[in-house]
Amino acid sequence: DHGDFVVVKNVEKIKFTGQKFKEKKYYKHTGHPGGIKETTPEALTEKNKHAEILKLAVKRMLPGGALAKKQLTKLKIYTGEKHPHSSQNPITLNISSLSKKNLIRN
């Protein structure tokens, strides 16, 4: 952890391939007996929680522990173009130019 922040904008344009948008399930447990809850990306999108989908994906890629929680706080997710971090001059990273595997295929 070197202190760098990651700013993600236009998170409402996130896309899933195949049937993942309807069939993928996110589980959480309330801590009470029989308290398992499930939701899908489609249900989160209907509630306008686009940022929650991306946050869950990144959270599950990180190892568990205190460092992962600290790193997750440095992820800033915004819907739309506007964000308050423009004064820090964030660098746009074009992922599709890094590898030909990252290109969108039709």
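My entries below go from the overall layout to the core, the pockets and a ring pair.

**Ground rules.** I am working with a predicted model, in which local features need pLDDT of at least 70 and side-chain atom pairs count only at pLDDT 80 or more, while totals for chains, interfaces and linings use all residues. Residues are numbered from 1 along each chain as its sequence is written, and side-chain values use heavy atoms, with hydrogens and water left out.

**Layout.** I looked up the secondary structure and found 4 helices and 4 strands, taken as DSSP runs (helices H or I, at least four residues; strands E, at least two) and numbered from the N terminus. Read along the sequence, the order is β-α-β-β-α-α-α-β. The C-alpha trace spans about 50 × 40 × 25 Å along its principal axes.

**Burial.** I noted that 18% of the 106 residues count as buried; buried means under 20% relative accessible area, exposed over 50% and partly exposed in between, with a 1.4 Å probe and protein chains only.

**Core.** Which residues make up the largest nonpolar core? I wrote down Val-11, Leu-54, Leu-72, Leu-75 and Ile-77. Such a core is a set of buried Ala, Val, Leu, Ile, Met, Phe, Trp, Tyr and Cys residues joined through side-chain atoms within 4.5 Å. I then followed Leu-54, which, leaving aside neighbours within four places in sequence, is in contact with Val-8, Val-11, Ile-14 and Ile-77 (contact means heavy atoms within 4.5 Å).

**Largest pocket.** Leu-54 turned up again here: together with Lys-13, Ile-14, Lys-15 and Phe-16 it lies nearest the centre, among 22 lining residues. A pocket is an open set of points on a 1 Å grid over the protein atoms alone, where a 1.4 Å probe fits, with protein on both sides within 12 Å along at least five of seven lines; lining residues have an atom within 4 Å of a point. Helix H3 (residues 50-61) gives the most to this lining, with 7 residues.

**Ring pair.** How many aromatic pairs are there? I count 1, where rings of Phe, Tyr and Trp (its six-membered ring) pair if their centres lie within 6.5 Å, and planes under 30 degrees apart count as stacked, over 60 as edge-to-face and the rest as tilted. The rings of Phe-16 and Phe-21 have centres 5.9 Å apart and planes at 50 degrees, so I logged the pair as tilted. Phe-16 is partly exposed at 25% relative accessibility, and Phe-21 is partly exposed at 29%.
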